[in-house]
Amino acid sequence: MATRDLNYTRNIGIMAHIDAGKTTTSERILFYTGKTHKIGEVHEGGATMDWMVQEQERGITITSAATTAFWQYKDKTYQINLIDTPGHVDFTVEVERSLRVLDGAVATFCAVGGVEPQSETVWRQADKYNVPRIGYVNKMDRTGADFLAVCSQIKEHFGATALPVVLPIGAEDKFEGLIDLIYNNAIYYFDDKTVRDNFELREIPENMKAEAAEWRAKLIEEVASTDDALMEKFFEDPDSITPDELIAAIRTATIGMQLVPMMCGSSFHNKGVQKLLDYIIAFLPSPMDVPAVEGMNPKTEETEVRHSDENEPFCGLAFKIATDPFVGRLAFVRVYSGKLDAGSYVLNARSGKRERISRIYQMHANKQNPMETVTAGDICAAVGFKEIHTGDTLCAENAPIVLEQMTFPEPVIGLAVEPKTQKDLDKLGIALAKLAEEDPTFTVRTDEESGQTIISGMGELHLDIIVDRLRREFGVEINQGAPQVNYKEALTQTVQHREVFKKQTGGRGKFADIIFEIGPADEGVVGLQFVDEVKGGNVPKEYIPAVQKGFESAMANGALAGYTIDSMKITLKDGSFHPVDSDQLSFEICARNGFRVAAPKAGSVIMEPVMNVEVVTPEENMGDIIGDLNKRRGQIQGMESKGTARVVKAKVPLSEMFGYVTVLRTISSGRATSSMEFSHFEEVPAGLAKEIIEKSSGKRKDME
């Protein structure tokens, strides 16, 4: 088989705030690349990429869908692996894991809304994974559309050099086409959904020549400043710089994260998408332009690199797990090096187990095309895994490597669920396990005191969709409780404590004695920080892991109200043992009991999730909205203007935000909108903490 040239591959994602038109843009890309013969519309529930029933009904994207398309650019055919990601904050994890494996992204903005809260979140995520991006300002046909205003907002909010490479001809209902500042010509589009080349090239219109010349000069100057050879040409004669030289320099600067080329269009009206595809190819990196991926060799613990080359040992990252009703469990894999054949064996570096890949598919939303082999730079779906988690590294058995793990935010909201009929109990367990495997921000646990099954997620919409999927996909009808906030507990002081555990029943007794310090963990430490300072064998070495295990398990149920403790520090100072009665279990129980007694003395407090809330409102409702947020223990962080509207930013505890959307509609007669995402945990005020503790102890008494 001839080696594929990776320079002709682009792995890209479309990322944006909810409702900026990501899926509509993806649908147009599929149409113009010949992947679909008819354009699917989101609002009609017919979008190819939104294939889940819930997505079609609600008109939102929930899971990121992957597809492969081909595009002719300058007489060469390029392969585009495209991922359409969700915009809603509850599904942040879908964006996060997609950006982790992509080489480039198209940041989509609404020409009216501009930079919105979720645009900031996805932009930060792309920065975290160093993903080069181009900007696409969509919805140029809407009232209030302003391309250059959005470009300057991006500069303001992100400090990025947003560089317009096109200018719109007209705006709102007069939006007719684009001026390409690189090639210095005009492209006029006609709104025809049946043909693929619905545009023609013309001269720049007279009334825009001066503006186009001004912006082209700015473009050339900005690009020349990133390239010394161009800088010299620029000083001699700016007009001597050719479009090809400009494109090469913009490409280098985009991949180097120095520039963000800005495009615009109206995906819904089929204007600007072909140019966007051209510039995706021209400016965004191929797998060869991205630095080699680094990982750790689990045997030697040395850092190793893998290049995008099919002759290197195989290594890939499973970035998403999905359950398909026909094929079973699909693991989406980004191949970084080497090649993967159907029927071959790979090593899962996390579990250390061999896995057989029975089949490999190239994905097109929820349809699969079988493949015999995939190579470096590809994104595929593989079937046959016995055990796999999101973020697992897959590699060749003779060349193990562990790529950097993905980190996911913790769920902040929980819900008690139970099956409506007893016979659905097993079905519910299996369904929840499958959903938790697919989605790392969705967790399932059993409440030790009440015996209830608690499901937790990133927000009310997230849990809503989960419950809906349980009903439809898995056929499980459930009863659900009211949403609950996921509180945590934390320690604020360090205290010393001695715990003795003695039990004498007939025969051999139980004995353990430990002296320990308990308190908050050092800065940045998550989990149990355990320090062993026992001298002279007062507590034998073989019992120390049992003490550690006892404290570790105690962290799942805090001493105040039974909420988990994220981090604490235990220093084991001293203790004693009995040569006959002591054993590992005695020391484990002793540690658990010691925690229960000592934690309240160590200044135990209850912590609550605090959310970043942003409300966009007409000016006349601003006073009422701020008053309402203050009533909800909100702290106003700032106010700014956006067009005729006002934007209020605040930090508000999640417990005060249930049902907020309804209240906001009432206050503003339906004109204000809000968005919310998790910010941090902070201590609950004393009065409220008392209420939470009383509630939980009431719940415990009921159980007894």
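Modeller: Let us begin with Asp-237, which is partly exposed at 34% relative accessibility. Buried means under 20% relative accessible area, exposed means over 50%, and partly exposed lies in between (1.4 Å probe, protein chains only). Please keep in mind that this is a predicted model, where local features need pLDDT of at least 70, side-chain atom pairs count only at pLDDT 80 or more, and totals for chains, interfaces and linings use all residues. Residues are numbered from 1 along each chain as its sequence is written, and side-chain values use heavy atoms, with hydrogens and water left out.

Colleague: Where is Asp-237 found?

Modeller: Asp-237 sits in the loop between helix H7 (228-236) and helix H8 (243-255). Helices (H or I, at least four residues) and strands (E, at least two) are DSSP runs, numbered from the N terminus.

Colleague: Which residues form the negative surface patch?

Modeller: Asp-228, Glu-232, Glu-236, Asp-237 and Asp-239 form it. Patch residues have over 30% relative accessible area and no salt bridge, and like charges are joined within 9 Å. Asp and Glu count as negative, and the place of a charge is taken as CG of Asp or CD of Glu.

Colleague: What should helix H11 span, going by its 13 residues?

Modeller: The expected span is 1.5 Å times one less than the number of residues. For H11 (residues 460-472) this gives 18 Å, and the end C-alpha atoms are 18 Å apart, which agrees. Among the buried residues of H11 are Leu-461, Ile-465, Asp-468 and Arg-469.

Colleague: How many salt bridges does a search of the whole structure find?

Modeller: First the idea: side chains of opposite charge can pair when their charged atoms come close. Here a salt bridge is a side-chain nitrogen of Lys or Arg within 4 Å of a carboxyl oxygen of Asp or Glu. The search of the whole structure finds 32 salt bridges. In one of them, Lys-541 meets Asp-532 at 3.7 Å, N to O. Lys-541 is exposed at 62% relative accessibility, while Asp-532 is partly exposed at 32%.

Colleague: Which residue meets Lys-549 in a salt bridge?

Modeller: Its partner is Glu-588, at 3.7 Å from N to O. Lys-549 lies in helix H12 (residues 544-554) and Glu-588 in helix H13 (residues 584-601), so the pair ties together parts that are 39 residues apart in sequence. Lys-549 is partly exposed with a relative accessible area of 48%, whereas Glu-588 is buried at 12%.

Colleague: And where do Glu-656 and Arg-633 lie?

Modeller: These two form a salt bridge with their closest N and O atoms 3.0 Å apart. Glu-656 is in the loop between strand S37 (645-653) and helix H15 (660-668), and Arg-633 is in the loop between helix H14 (622-631) and strand S36 (635-642), so this pair links distant parts of the chain, 23 residues apart. Glu-656 is partly exposed at 24%, and Arg-633 is partly exposed at 28%.

Colleague: What can we say about the phi of Asp-75?

Modeller: Asp-75 has a positive phi of about 65°, although it is not a glycine. This residue lies in the loop between strand S2 (65-73) and strand S3 (76-84), and Asp-75 is exposed at 74% relative accessibility. Glu-172 has a positive phi too, about 55°, and is not a glycine.

Methods. Patches are made of residues with over 30% relative accessible area and no salt bridge: like charges are joined within 9 Å, nonpolar side chains (Val, Leu, Ile, Met, Phe, Trp, Tyr) within 5 Å. Accessible areas come from the Shrake-Rupley method with a 1.4 Å probe; for residues, only the protein chains shown count as cover.
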